[in-house]
Each structure stands twice: as C-alpha cells, then as structure tokens.
Amino acid sequence: MDRRAAKLVAVVGAGTSGLAACKHLLARGFRPVVFEAGASMGGLWTRTLASTRLQSPAAGYRFSDFPWPEGADAFPRHEQVVEYLAAYARRFGVDGCVRFRSKVVAAEYVVAGADDAELWAGNGEAFGGDRAGRWRLTVRHADDSQDTTQTYEFDFLVLCIGRFSGVPNVPAFPPGGGPDAFRGRVLHSMDLSNMDDADAAALVRGKRVAVVGSGKSAFDIAAECADANGAELPCTMVCRSPQWLLHDVSVWGRLHVGYLYMNRFAQLMVRKPGAGLASSLLATLLTPLAWLISKLTEAYYKRAIPLREYGMEPELGFAGAIASCKIGMLPEAFYDKVRGGGVVIRRSGKFSFCEDGLVLDGGRVVPADLVILATGFRGDQKLRDMFVSPQVKDIVAGSPGTTVPLYRECVHPRIPQMAVIGYAESLTNIYAIEMMAKWVARFLDGAFRLPSVRRMERSVAEWGAYMRRSGGERFRRSCLGAVNIWYNDELCRDMGCDPRRKKGLLAEWFQPYGAVDYADIQ
C-alpha cells in the first residue's frame with residue numbers, strides 16, 4: 001500500500017479552508033476524511049443574511065485553478081458562493097470525502113511515553129516518525145432518527161474550523177445593565193444568520209431594531225432592517241469605532257486599490273517580519289511615500305462617501321486598515337438609507353441595557369424592541385474548546401497578549417501532527433487559505449521538514465511583533481493584509497518553488513498579486 005494512502009488524515013470543517021485542504025491532500029495521494037457539522041459544504045456561506053455578498057470582486061476571490069462560471073455577479077451573492085464552492089468540491093472529488101452532520105466534539109493527542117514537543121521537533125516530519133502518537137477524535141453524528149457518538153483515530157489532524165462562528169463575543173455589562181434588564185429580545189448576529197431568510201425577515205419586521213457594532217455584519221443587518229421597516233421604524237446602529245467600509249475598490253474612478261497595496265512595490269514600504277535590517281531600513285525611508293498614498297486614498301473615500309456628515313470617519317488611517325484587515329464593502333446604497341431615515345447612526349464608546357432599550361454615553365436612551373449584537377466572535381475560545389487536554393487548551397491559542405502561536409500561520413510548534421488552516425486573516429481570505437492548504441499538503445507529503453521548536457518559536461515571535469505593531473488592539477486577528485506576498489514568499493521557499501510568479505520586471509513589482517499567480521503550485 002502507498003505510504004500516503006496508509007496514513008489517516010482528518011480534516012475538521014467543510015468550509016472554504018476545509019475544501020482546499022482536502023483537494024490538495026487528494027492531489028498528493030492522501031485520502032482524508034472531512035467531518036462537517038452541517039448538512040452541506042460552504043461553511044459560513046451557508047449561514048448568512050439574505051443580502052450577503054462577497055466583499056471582494058469575484059476575480060480576486062477564487063481558487064487558483066478554478067475560475068468562476070460565466071455570468072457570475074461582480075460581487076457574487078452568498079448562494080452563488082455556495083454553488084461555486086460545491087462545484088469546486090465536485091470537480092476535484094472532495095465531495096466524496098465529506099461526512100455531513102458529523103460534529104467533532106473532542107480531540108485528544110494520544111502518545112505513550114514521550115513528550116509532545118520532542119516528537120514534533122525530533123525530526124520535523126509531519127507524522128512524527130517511529131515515536132508518533134495519534135489524534136483521537138470524538139464525533140457526534142446526527143441522522144434522521146437519533147444522534148450517535150463514535151471515536152476515530154488519525155495520524156494527522158487539520159483544523160479548518162474558522163474563527164467567525166461558534167462562540168459569539170458578548171460584551172460584559174455592569175450589574176443591572178445587562179440583557180436581563182431589557183424587556184425586549186436580544187440576540188447575536190450569529191443567531192440571526194442561522195435563521196431561514198423568511199424567519200429573519202419576519203423577526204425584524206415591524207420592530208424598533210438597534211444593532212450594536214461597527215463591522216460589516218452590523219451594516220448588513222442595519223440595511224436589511226431599513227429595507228423591511230423604512231423610515232417609519234428606523235434601525236438604530238450603535239457604533240464605537242467606525243471602520244473603512246467602501247463603496248468601490250477603485251480610487252479616483254480608475255485605479256484599483258490593489259495597485260496601491262497588493263503588489264511587491266507596496267510591500268517595500270512595510271517592515272516585514274523576518275525580512276532583515278536592509279528591508280526595515282528601506283521601509284523606513286519609504287515611510288513618507290506610504291503616508292502620502294494612504295492620505296490620498298483616504299481623501300478620495302471621504303469625498304465619495306458621506307463619512308464626515310454622519311460622524312463615521314475612521315480614526316485608523318487607510319494603510320493601517322489594510323494592515324489590520326479592518327476594511328470591507330458597504331451594503332448597496334447604504335448611505336441612501338441613512339439619508340432617507342431608514343438607518344440612524346449613533347456613536348457611543350459604551351452601552352448598557354435598560355427596560356426600554358439601550359443606554360449610551362451621556363445617558364442617551366435608544367428605544368428598542370429588538371437588539372442585535374454584531375460584536376464578533378471568540379475564535380480563540382472556539383479553538384481551545386476542540387481539545388481534551390488542559391495543556392493543549394492552555395497553549396493552542398496563546399495568551400491575551402500574544403497572537404495565536406502558529407508557525408507559518410499553520411503549525412503550532414509544540415502540538416504535534418496537527419495543522420490549522422484559515423485562522424489568520426487576509427483581505428481576500430480564499431487567496432491566503434489556498435496557499436496554506438498547498439503548504440500543509442506538501443508538508444505531509446514529505447516535501448520539506450519543519451525547523452526546530454526554537455526556530456519556529458522565534459519566527460512566531462517575529463510575526464507576533466509585526467501583528468502587534470500593525471494590528472493595534474485587534475492584533476490577535478493575525479491579519480496578513482499588508483504582507484500577503486511576503487508571507488507567500490516564505491511558503492514558496494519552504495516548498496521549493498520560485499516566489500517570483502510574474503513575467504517581466506514591471507509586472508513583478510507593480511501588478512497586484514492574486515491566487516492565479518500560484519496556480520501551477522499543486
């Protein structure tokens with residue numbers, strides 16, 4: 001039997017990252033088993049608001065070797081994304097590997113008489129050599145009659161569980177100021193997204209709705225509420241720190257922002273982790289140019305979008321938003337809804353509940369029948385909850401003062417025979433996810449070995465320092481936005497591939513990079 005077919009590999013999750021991981025493992029001769037808790041492939045895209053669309057143009061949000069079908073929208077609707085992912089799975093035989101309605105409720109690394117860290121570092125191989133342990137997974141299978149629980153063992157575990165689902169982030173409130181004080185209904189955006197479209201529409205219709213949040217989800221929910229209720233029952237959106245939400249990805253009507261932030265020249269202006277002193281000095285010298293580009297871009301969007309009129313000018317500069325992934329696309333005609341009275345924006349640094357609604361800064365009260373918290377998710381807790389071992393729970397997601405400690409954003413230096421794909425963010429997540437999947441598949445196939453634990457932890461520390469410097473208070477999101485090309489360069493060097501992917505010097509330095517540039521890496 002082929003050694004690859006003999007190795008048992010589990011993939012947890014059949015969203016974008018799980019499908020990519022399975023596809024590239026199949027291409028390397030493995031036969032992975034994909035456990036998916038839901039009834040279909042697509043991850044978050046199967047549980048969204050009715051109006052949800054891609055935040056990236058279809059041309060940028062795609063797998064490198066699988067184009068969108070003709071006729072797809074420029075910014076595809078969520079059902080088009082689900083069908084694209086399903087077609088990708090069918091094309092590469094991934095659908096035959098997925099076990100639906102199968103939720104992994106516990107993962108435990110089982111090994112006799114050896115230290116986990118020594119196993120990972122002993123030879124740098126994916127499967128750990130002669131002293132390897134195995135991952136024991138407890139899986140709850142749901143069928144039409146009853147739930148059953150089974151235990152399986154695998155030689156390698158690939159977690160593709162995402163970070164924007166599962167465990168909602170609910171703010172802490174002062175005594176007497178929490179949801180219990182409110183006589184209306186409170187739910188998290190996750191709960192609304194999990195509803196059928198008709199049920200979600202019925203829930204908000206005819207109600208005074210308040211949405212708390214400053215990100216893309218808050219804007220989408222507010223826009224849907226405005227469509228349902230209009231100016232008669234306006235939706236109040238409570239924002240603490242406005243973010244850059246754009247109406248278009250081109251500035252001055254012609255220049256795609258990719259030419260400003262997603263090419264090699266742009267990344268010369270960034271102090272990249274592990275790039276060395278000369279690179280840092282060059283980035284320092286180019287700081288005035290980076291500042292000018294950011295200010296000109298900000299000026300365009302502030303003129304094109306009525307941010308100042310409605311008190312929604314972000315404090316973070318545009319370059320900082322790119323580096324921290326605090327950027328997105330506005331719902332269609334959003335500020336027309338604000339202008340028409342369907343959405344009312346209120347800025348507040350904090351909020352609490354009272355009987356009639358929300359209490360904002362200065363004691364202002366927002367009357368409401370329904371409050372929706374679009375306050376994000378606790379991806380770190382979701383990751384910890386996967387494991388049985390207290391030691392693994394303690395180290396897998398790092399600490400509040402560090403990023404999640406993943407070498408190459410995929411491998412924990414001290415947790416053997418496991419990879420995580422899709423935890424780090426990018427401006428176009430599918431682009432970064434696919435490169436991670438290629439790297440992990442080649443690693444499992446023996447194309448390269450990991451360095452020592454010490455070297456991996458040193459690299460993790462360098463990247464963590466960059467994330468803290470560029471990401472501000474949200475550094476734990478591990479955003480690759482401003483350094484995605486440099487990150488891919490490191491993966492390419494590990495895999496023995498040429499990092500320079502374009503033809504011609506001008507194209508290499510000034511054309512935006514995307515997934516298609518790496519299509520020949522399989």
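This briefing walks through the aromatic contacts and strand pairing of one structure. The model is predicted, so please keep in mind that local features need pLDDT of at least 70, side-chain atom pairs count only at pLDDT 80 or more, and totals for chains, interfaces and linings use all residues. Residues are numbered from 1 along each chain as its sequence is written, and side-chain values use heavy atoms, with hydrogens and water left out.

**Aromatic rings**

- The structure holds 37 aromatic pairs, where rings of Phe, Tyr and Trp (its six-membered ring) pair if their centres lie within 6.5 Å; planes under 30 degrees apart are stacked, those over 60 edge-to-face and the rest tilted.
- One of them is the stacked pair of Phe63 and Tyr88, at 3.7 Å centre to centre with 15° between the planes.
- Phe63 sits in the loop between β2 (33-35) and α3 (78-91) while Tyr88 belongs to helix α3, so this pair ties together parts that are 25 residues apart in sequence.
- Helices here are DSSP runs of H or I with at least four residues, and strands are runs of E with at least two, numbered from the N terminus.
- Both Phe63 and Tyr88 are buried; buried means under 20% relative accessible area, exposed over 50%, and partly exposed in between (1.4 Å probe, protein chains only).
- Phe351 and Phe353 pair edge-to-face, at 6.1 Å centre to centre and 70° between the planes, and both are buried.
- Ring pairs also link Phe30, Phe127, Phe156, Tyr407, Trp439, Phe443 and Phe448 into a cluster.

**Charges over rings**

- Lys23 lies over the face of Phe92, 4.5 Å from the ring centre; the criterion is NZ of Lys or CZ of Arg within 6 Å of the ring centre and within 35 degrees of the ring normal.
- Arg163 lies over the face of Tyr423, at 4.2 Å from the ring centre.

**The β4-β5-β6 sheet**

- Three strands form an open sheet in the order β4-β5-β6, with antiparallel pairing; two strands pair if DSSP finds at least two bridges between them.
- Its edge strands, β4 (102-110) and β6 (147-154), each pair on one side only.
- Eight bridges join β4 to β5 (residues 134-142), and Ser102 stands opposite His141 in β5.

**Strand β1 and its partners**

- Strand β1 (residues 9-12) is covered on both faces: Val9 and Val11 on one side and Ala10 and Val12 on the other are all buried.
- With β7 (residues 156-159), β1 pairs in the parallel sense over four bridges, and Val11 stands opposite Val158.
- Three bridges join β1 to β2, also running parallel, with Val12 opposite Phe35.
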